[in-house]
Amino acid sequence: MADGTPGTPVSEKAPTRILAVAREAGLPEEVLRDLVDHPHRTEEILRDAVGDLEADGRSDRAQRLVEALRDHPVSPESGQYASIDLVRMLDGSGEDAAGARADRILEELLRPGNLLEGPADVLAGYFRRAENREKALYCYNIASRGLLARSAESLAGLGLVDLVPLVGRARVREELGLALDAHDRFALAVVERYLRENSDAFDWDGESPGRGGDGFRPEASEPVQEVRAAFSRESLEKARSLGLLSPETDGREPDAYYLDTERALRGYSRKHPGTPVYTLLAGADEIAAFARDHGLDPADEATRRAWAQDRRDDFWILPWPPERNQRCWCASGRKYKKCCGSPAHH
Ligand SMILES: [Zn+2]
């Protein structure tokens, strides 16, 4: 079989190959029919199928499918998204060989001139959650390339959704202690305005929480909004090595950790109907530093909760539960209904 004949558009060749892999992966007949009937939706259908397989605990089949999407991408972006999915799966396996392979794939993605804007934004989030701010910034710079090519003033008409990579870039540059440029100041001002205008959701009691220092109150009474923190997938290993995980959590698969958190969220919202619940993914170093600053036990669940409640105005908090078809709050890359929200788990 001639592989990758020069001059042949990838998209014209991919579906037949993909179809063979999909058959081999034992995907249900209706999925295979969908693939034949809607070739332009190949990527979406397969990503859904990957989510289904992962939700069913068939992670080796899911991985084979992602490898196929990566080897025969329906577009250059699609191949890079599949690579990032594969990195997430390899990371999650906790095996040394898999980790080394994930590193090689990341290295390849980060090769100068390689990474495309959309995947760069996803990869930036991955590095940000892993508290690797230099690499996150590298990716955000690529993801914001189109926006950075324009003057900050000319972006005034754009909505927050269009500015997300630029906001991420500004946040990371702020965290790195870099001097803010005109684009940073513009992006952060847009977020501030957004938070102000959506004060129903974000203004819990009219008081500013203050960032760190004296603003911290460990025993807040009934919160008007509840923000729960969980360690990000990328920082779980670090959290484990710093001894920040509870004995029940330690040594368990990442998905089991997030399902436990999901159960706790459901328990909370059952007991407090009407209180809006949000999630926020934490880095291990952030929690450790917060505990140090406030003289708290870094491994205590209450410390994580206090850290999260202190970030009630954070741009990265997500309303929980997500819509069924939205990406899961745990950043697995799967849809909520096929991840922590899957009926199979509850
Ligand atoms: Zn999830």
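Mentor: Helices are DSSP runs of H or I with at least four residues, strands are runs of E with at least two, and both are numbered from the N terminus. By this reading, Ala 331 lies in the segment after strand 3. The model is predicted: local features need pLDDT of at least 70, side-chain atom pairs count only at pLDDT 80 or more, and totals for chains, interfaces and linings use all residues. Residues are numbered from 1 along each chain as its sequence is written.

Trainee: How many helices and strands are in the protein?

Mentor: The protein has 16 helices and three strands.

Trainee: What percentage of the residues is buried?

Mentor: A residue is buried if 20 or more other C-beta atoms, placed from the backbone, lie within 10 Å of its own, exposed if 12 or fewer do, and partly exposed in between. Buried residues account for 37% of the 346 residues here.

Trainee: Among contacts between residues at least 6 apart in sequence, what percentage joins residues at least 24 apart?

Mentor: Two residues are in contact if their C-beta atoms, placed from the backbone, lie within 7 Å. Of the contacts between residues at least 6 apart in sequence, 59% join residues at least 24 apart.

Trainee: Is Leu 65 buried or exposed?

Mentor: Leu 65, which lies in helix 4, is buried because 25 other C-beta atoms are within 10 Å.

Trainee: At what angle do helix 4 and helix 5 cross?

Mentor: Axes are lines fitted to C-alpha atoms, for helices over the stretch in contact, and the angle runs from 0 to 180 degrees between N-to-C directions. The axes of helix 4 (residues 59-71) and helix 5 (residues 76-93) cross at roughly 150 degrees and come within 8 Å. Helix 4 is therefore roughly antiparallel to helix 5; angles over 145 degrees count as roughly antiparallel, under 35 as roughly parallel, 65 to 115 as roughly perpendicular and the rest as oblique. Helix 4 contributes Ser 59, Gln 63, Val 66, Glu 67, Leu 69 and Arg 70 to the contact, and helix 5 contributes Ser 78, Gly 79, Ala 82, Ser 83, Asp 85, Leu 86 and Met 89.

Trainee: How does helix 5 lie against helix 7?

Mentor: Their axes cross at roughly 15 degrees and come within 9 Å, and helix 5 and helix 7 are therefore roughly parallel to each other. Glu 77, Gln 80, Tyr 81 and Ile 84 of helix 5 make the contact with Gly 118, Pro 119, Val 122, Leu 123 and Tyr 126 of helix 7.

Trainee: Where is the kink in helix 10 centred?

Mentor: The bend at a residue is the angle between axes fitted to the seven residues ending there and the seven starting there. In helix 10 (residues 160-175), a kink of about 35 degrees is centred on Leu 166. The buried residues of helix 10, among them Leu 166, pack against helix 7 (117-129), helix 8 (133-143), helix 9 (145-148) and helix 11 (182-197). Just after helix 10, Gly 177 takes a positive phi of about 75 degrees.

Trainee: At what angle do helix 8 and helix 10 pack?

Mentor: The angle is about 150 degrees, with the axes 9 Å apart, and helix 8 and helix 10 are therefore roughly antiparallel to each other. Arg 133, Ala 136, Leu 137, Tyr 140, Asn 141 and Ala 143 of helix 8 meet Pro 165, Gly 168, Arg 169, Val 172, Arg 173 and Glu 175 of helix 10.

Trainee: Which residues does a cis peptide bond join?

Mentor: The cis bond joins Trp 320 and Pro 321, with omega about -5 degrees. Pro 321 lies in the segment after strand 3 (318-320).
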